[in-house]
Amino acid sequence: MDITNTLNNIDDNKIIKASNILVKAEKINIASLCGNYSLKYLFEYKLTRVGKNVMLSLDWHQQIINLNFISKNDVLIVISCSMNKNEISKFIEKAISKKIKIILLTGEFENNWNDKVDVCIKVSSSDAKFRSFSFTSKACMNLAIEMIFKEMLKNILPEVDVIEEWKWQNK
């Protein structure tokens, strides 16, 4: 049900806006903590595969240090279902102070940042806000990431399928 609810409630215009911001970004820094690291690594991998300059990091210390090396032409993506970690707020505060574009991927819980970021995409989940594991929040967050990535591909892939074109020319 959470995946269905996310699909029904997600704002397509926000997916398109996030995609456009990422396509234009010079550098991308993704911030997340704890159980959301797997989503962070997945998104970093996808973005690097299409040639985006992603600032890789293994922990929150490096993620916050990375913010010192990005500017208003760059993007911070924050992945946090609950938004209850102080470090997450620090990422956003620093990015706002540097006028860096921010894409927030979060759950439906209330937080102080929804209206202060460039794009806030909320996913549905029946998981508890305070938890040491997740059942559906990761699946729903992954769905949002896939939707953004699919939209990005529309803007960055060549119009002709390169492999099919090569096969045709070499017959």
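Predicted model: local features only at pLDDT ≥ 70, side-chain atom pairs only at ≥ 80, totals over all residues.
Reader: Which residue of strand 4 is the bridge partner of Leu-76?

Author: Strand 4, residues 101-107, runs parallel to strand 3 and is joined to it by 6 bridges. The bridge partner of Leu-76 in strand 4 is Ile-102.

Reader: How many residues of strand 3 are buried?

Author: In a regular strand the side chains alternate between the two faces of the sheet. On one side of strand 3, Val-75, Ile-77 and Ile-79 are buried, and on the other Leu-76, Val-78 and Ser-80 are buried. For strand 3, residues 75-80, the count of buried residues is 6 of 6.

Reader: Why do the buried residues of helix 2 line one face, and within what arc do they fall?

Author: An α-helix has 3.6 residues a turn, so residues three or four places apart point the same way. In helix 2, Ile-15, Ala-18, Ser-19, Ile-21 and Leu-22 are buried. Seen down the axis of helix 2, these buried residues line one face because they fall within an arc of 165°.

Reader: Which residue caps the N-terminal end of helix 2?

Author: A side-chain oxygen of the capping residue lies 2.9 Å from the backbone nitrogen of Asn-13. The residue that caps this end of helix 2 is Asp-11.

Methods: Residues numbered from 1 in each chain as written. Heavy atoms only, no water. Buried < 20%, exposed > 50% of the residue type's maximum accessible area, 1.4 Å probe, protein only. Helix = DSSP H or I, 4+ residues; strand = E, 2+ residues; numbered from the N terminus. Pairing = 2+ DSSP bridges. Arc of directions from axis to C-beta. Polar contact = N/O pair within 3.5 Å; in protein donor to acceptor, adjacent residues only side chain to side chain.
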